[in-house]
Amino acid sequence: MFGKVLIANRGEIALRIHRACQEMGIRTVAVHSTADASAMHVRLADESVCIGPPAARDSYLNMAAIISAAAITGADAVHPGYGFLSENANFAEMVEAHGLAFIGPTAAHIRMMGDKITAKDAMRRLGVPLVPGSLGALASVEEARQVAAEIGYPVLIKAAAGGGGRGMKVAHDEDEIEEAWRVARTEARAAFGNDEVYLEKYLDRPRHIELQVLADTHGNVVHFGERDCSLQRRHQKLVEEAGSPVLNAAERDALGAQVTRALRELGYRNAGTLEFLWQDGTFAFIEMNTRLQVEHPVTEMVCGIDLVKEQLRVAAGEALGYDQSEIRFHGHAIECRITAEDPETFAPSPGRVHTYHAPGGLGVRVDSALYSGYAVPPHYDSLIAKLVVHGATRAEAIARLRRSLAEMVVDGIHTTLPLHRAIVEDPEFQSGDYTIHWLERFVAKRLPQA
């Protein structure tokens, strides 16, 4: 096992990785920008190294600085967390070229899954179901028209290198296809430096369901069940559940068997998440995230397995030590992403936290790097806490979530706590009757009318 791990991230995920390492007897190195000098992950790590000024491009995205920090502290491995460099194949290669272990997949698999077209081609070959659409990048708007006519409108034109909803445009009929093609390519070029786009059928009422997988270097692949991430605003997840209110055990087992078989054939290693759209009982693969997910705690709550510890063990060359039949799912878990944003306008709200109180009690977990007096910086993602609850049933989890949201206090800045308190009271959420479009409508109803 590693003696020292450098954590190439910040905030709650850096603290999450630190805690797993500490429990395994592994020393940690925190890297930080000057804006994060007093951050909790820096305070608690065994060692810390400042790697640059506040801007992420000069610190948390500075590969040379991170590798240098690993070298001078004698780290054995690098854990990238999520975001920043976690899905950067060049960084994974650089880490391993310097004799360090990269706690994640191979650079080849990161590169393969980072391109949506390549990823879909791979999954098609491996027998994983896909949304109907183009077989590759669209060469012209004429090809887009042809494919759309074959599969039927509405269609979605998407950036091959996309993510977070950027470079995605819907065309409801032939009159809209050229504009959608043009705008999607322009957005893709600006956001990702790559204007390749592809086309797929636009599903009007899907749910976003993902499957958590883990693979070792000895050919063993398992899954830890599904998460329902349908509650999204502008393609950004706000609430996640494990398991999904619409799936049963047989559907989970069938999807899990299909996915683990595919990844075994692919030779995948470490943690990953395959994301699907689900509608009318049918799954369709959309992308794979080759990293730990923000919402991994809900999976841990229902499985009782620490996914970060498993990542560390796999990266150190250990076999999983269990098979699919030994993984059990208990109860239901829900996560709320609490962000430093206005709950109505979603305008960023950095600033000093005067009072912070985390809820507690049976089945309640809060992943956060906040503390009273901490100044939330304006330079990074607005996520400040993840409130996760577990119950024997979904109804019990919702009751526990309602109670925990009422207890939680973050005073001094605006947060999305009021929005989450409203969501949990909505009858459609309570019944589990929602799609990926539900939250947009829910938020629109709450906005003051002009």
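Predicted model: local features only at pLDDT ≥ 70, side-chain atom pairs only at ≥ 80, totals over all residues.
I took buried to mean under 20% relative accessible area, exposed over 50%, and partly exposed in between.

I stayed with Arg403 and looked up its partner. Arg403 makes a salt bridge with Glu407, and their closest N and O atoms are 3.1 Å apart. Both residues sit in helix H12 (residues 394-407), four residues apart, which is about one turn of the helix. Glu407 also counts as partly exposed, at 31% relative accessibility.

How many salt bridges does the count come to? I noted 37 salt bridges.

**Entry: pairs between elements**

I then picked Glu178 and Arg145, whose closest N and O atoms are 3.3 Å apart in a salt bridge. Glu178 lies in helix H8 (residues 174-192) and Arg145 in helix H7, so this pair ties together parts that are 33 residues apart in sequence. Glu178 is partly exposed at 47% relative accessibility, and Arg145 is partly exposed with a relative accessible area of 24%.

My other pick was Asp46 with Arg27, a salt bridge at 3.9 Å, N to O. This pair links distant parts of the chain, 19 residues apart: Asp46 is in the loop between helix H2 (40-44) and strand E3 (47-52), and Arg27 is in strand E2 (residues 27-33). I found Asp46 partly exposed, with a relative accessible area of 31%, and Arg27 partly exposed at 41% relative accessibility.

**Entry: cis peptide bonds**

I turned to the backbone. The peptide bond from Tyr153 to Pro154 is cis, with omega near -5°. Pro154 belongs to the loop between helix H7 (141-151) and strand E6 (155-163). I also noted a cis bond from Ala242 to Gly243, with omega near -5°. Gly243 is in the loop between strand E11 (236-242) and helix H9 (249-266).

**Entry: positive phi**

Which phi does Phe84 have, although it is not a glycine? I read a positive phi of about 45° for Phe84. Phe84 lies in the loop between strand E4 (77-79) and helix H4 (89-97), and counts as partly exposed at 30% relative accessibility.

Arg234, a residue other than glycine, has a positive phi near 50°. I located Arg234 in the loop between strand E10 (221-233) and E11. Is Arg234 buried or exposed? Arg234 counts as exposed, because its relative accessibility is 56%.

Technical notes. Residues numbered from 1 in each chain as written. Heavy atoms only, no water. Helix = DSSP H or I, 4+ residues; strand = E, 2+ residues; numbered from the N terminus. Buried < 20%, exposed > 50% of the residue type's maximum accessible area, 1.4 Å probe, protein only. Salt bridge = Lys/Arg side-chain N within 4 Å of Asp/Glu carboxyl O.
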